[in-house]
Amino acid sequence: MMLGPCAGGAAYSPALTDFVFMVRDTSQMFITGPDVVRAVTGEEISQNGLGGADVHAETSGVCHFAYDDEETCLAEVRYLLAMLPQNNRENPPVAASDDPVERRGEVLLDLVPADGNRPYDMAKVIEELVDDGDYLEVHERWARNIICALARLDGQVVGIVANQPQSLAGVLDIEASEKAARFVQMCDAFNIPIVTLLDVPGFLPGVDQEHGGIIRHGAKLLYAYCNATVPRISLILRKAYGGAYIVMDSQSIGADLTYAWPTNEIAVMGAEGAANVIFRRQIASAEDPEAMRARMVKEYKAELMHPYYAAERGLVDDVIDPAETRAVLINSLAMLRNKHADLPSRKHGNPPQ
C-alpha cells in the first residue's frame, strides 16, 4: 500500500510485490522526481502528474488498484486478502455461497449479440456468471481491452481472464498481453484456477505494435498459460481468430476443458478477410466482383464457421447452452479440483522479455 511518496530506488520495492494499492493525491511513485526531470529535460510536471495514483493505474500499469481515500483502500486490501491463501502450499479460502449452482443465465442471450461486429460489456457477462455478481478487477483502468478479475464460483476463488469487446473490440495488444500474462502467473502462484472467456478478433495490427515488440510481449501470455499448473477452463463466446485465439488458453496449449457457445467462430480470420484471400482469383475474374465476394463469404461461413465446426474438429470439448454456463463452469472446476501437474525439473524458466 502506497500511503505517501516513494522515490528513487525505493520505488522498486513496491514494483516487486504481488499487488500495488495507491491513494489519489496522497501517494506518488517515480524514479526521478519533477525537479530532476525539469533540470534534465526541461519538462514541467507535478508530482501527481509524474507518478500519481491515476498515472500508474491508467498509463504505466505499475499500480493495480487506486482509491480516493485510505479507508476505502484498506477495505479493498482486506477484500483481496480474503481471496488469497496464506502461502503457496494452501488453496484459496472457500466461502459459503447462497447463489445456486444451477442458476440459469437467460439474460446472457440478450447481453451478448450474435453479430460478432457488435460490442457489449464483458463485465456484465462476468457479473451474471459469478457468485452474487461480485468480483474484484485487477488493473481495471490499464489495458481495458482485457479484463482480469478475481471472483467466486460456488464459493471457490477463480481468476477470470476475458476480452472486453467494448474497448478496441477486445483485441490483444502489447499492454493487454502483459496484463493478462502477469495475472495468469499470479493465479498459478496462489493455486487459483483460471477461467478464460474469449471473444477476440486477433492481435492489434500496426507499425507501432510490431516495432514495440508485440511478438515477444504476446509470447509472455502464451508462456504464462503453458507454464500454469492450476485447473484451466476456456469458453469461447463469439469469435476467436488467429494467433490471439491460440494464446488465450486454447486446447492446443493445454487448457484442461474448452467450451463454446453456439455463436462461436474459431478461424484464422473473419469470413470477409478469409474470402478475400482464399478466393482472390475467382473474385478478380468475376463479371461482378462484389456479388462473387458476397457469395464466397456466405459459402465460407456455411462450411467453416457454423456452430459445431469447432466441436467436429475437436477444438472444443462441448458446445453449451449459454444459460447453463455457470453450472458448467462450477461442475468443471469441481472435476478438476484435484488436478496435479509437475513441471520439468530446472532452476527456473526463461520467459520472453
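A: Happy to! The lining of the largest cavity divides into five nonpolar, two polar and three charged residues, where Ala, Val, Leu, Ile, Met, Phe, Trp, Tyr, Cys and Pro count as nonpolar, Asp, Glu, Lys and Arg as charged, and the others, Gly among them, as polar. This is a predicted model, in which local features need pLDDT of at least 70 and side-chain atom pairs count only at pLDDT 80 or more, while totals for chains, interfaces and linings use all residues. Residues are numbered from 1 along each chain as its sequence is written, and side-chain values use heavy atoms, with hydrogens and water left out.

A cavity here is a set of points, on a 1 Å grid over the protein atoms alone, where a 1.4 Å probe fits but cannot get out, and lining residues have an atom within 4 Å of a point. Grid points are joined across faces, edges and corners, and a volume is the space filled by probe spheres set on the points.

Two cavities of 30 Å³ or more turn up by this rule. The largest holds about 70 Å³ of space, and its lining includes Asp-18, His-64, Cys-148 and Arg-182. Helix α8 (residues 174–189) gives the most to that lining, with four residues; helices are DSSP runs (H or I, at least four residues), numbered from the N terminus. Domain 1 (5–75) and domain 2 (95–264 + 316–336) each contribute at least three residues to the lining of the largest cavity, with bounds from an automatic or database domain assignment.

The second largest cavity holds about 30 Å³. Among its lining residues are Arg-103, Glu-128, Pro-322 and Arg-326, and α7 (122–129) and α16 (325–335) each supply at least two. Its lining divides into four nonpolar, two polar and four charged residues.

How values were computed. 1 Å grid on protein atoms, 1.4 Å probe; cavity = no way out; pocket = protein on both sides within 12 Å on 5 of 7 lines; lining within 4 Å.
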